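The sequence and the model come first.

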Amino acid sequence: MASLLLFIGCGQVGTWSESRQVMLYPVTGVVMLDGEPVEGAQVLFQPADETQQNLIGTAETDASGHFTLVTVQAGNGAIAGSHKVRVCKTVVTNINTNFDPEVYVPPVTEKNLLPAKYNSFDKSGLTFDVSDVKSTHLTIELDSQAK
């Protein structure tokens with residue numbers, strides 16, 4: 001079994017990740033842009049602790065803007081503590097089918113449909129704390145006029 005579910009006291013829950021040797025805690029939320037849910041957005045949580053920054057949590061929002069965070073190669077949830085957050089929603093605008101060994105051309109060109117500010121851990125202004133005593137549910141409010 002890759003992980004062991006632990007119950008610690010009343011209402012407290014965490015999951016031990018054998019592969020990464022860390023406790024993960026449930027994180028759910030919703031992404032809103034100008035008060036409307038955002039479908040298909042990618043949400044990324046980077047721990048503020050520099051020693052833990054390889055434990056990035058990721059999720060994609062559903063049609064109602066909801067998401068459930070997963071930590072790559074570890075399991076469901078995120079480590080406890082403060083996280084920088086970025087959000088983007090990309091669409092493929094071009095697929096390059098011409099191969100030229102002399103010139104590098106990205107195989108796919110994408111466009112971000114959300115304000116660029118939110119696609120950066122350092123510029124998004126989005127930080128959230130993941131609790132180690134209960135499930136974390138949050139709302140990420142985005143502004144289409146953000147610079």
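Two strands are said to pair if DSSP finds at least two bridges between them. The model discussed here is predicted. By that rule, Gln42 stands opposite Cys88 in β11. The two strands concerned, β6 and β11 (residues 81-88), run antiparallel and are joined by six bridges.

This pair belongs to an open sheet of six strands with antiparallel pairing, in the order β10-β9-β7-β6-β11-β14. At its edges lie β10 (75-76) and β14 (126-130), each of which pairs on one side only.

| Strand pair | Sense | Bridges |
|---|---|---|
| β9 (residues 70-71) and β10 | antiparallel | two bridges |
| β6 and β11 (residues 81-88) | antiparallel | six bridges |
| β11 and β14 | antiparallel | five bridges |

Is Gln46 buried or exposed? Its relative accessibility is 14%. Buried means under 20%, so Gln46 counts as buried. Leaving aside residues up to four places away in sequence, Gln46 touches Gln53, Ile56, Ser82, His83, Lys84 and Phe121. In a regular strand, side chains alternate between the two faces of the sheet.

Definitions and conventions: Residues are numbered from 1 along each chain as its sequence is written. This is a predicted model: local features need pLDDT of at least 70, side-chain atom pairs count only at pLDDT 80 or more; totals for chains, interfaces and linings use all residues. Side-chain values use heavy atoms; hydrogens and water are left out. Buried means under 20% relative accessible area, exposed over 50%, partly exposed in between (1.4 Å probe, protein chains only). Contact means heavy atoms within 4.5 Å. Helices (H or I, at least four residues) and strands (E, at least two) are DSSP runs, numbered from the N terminus.
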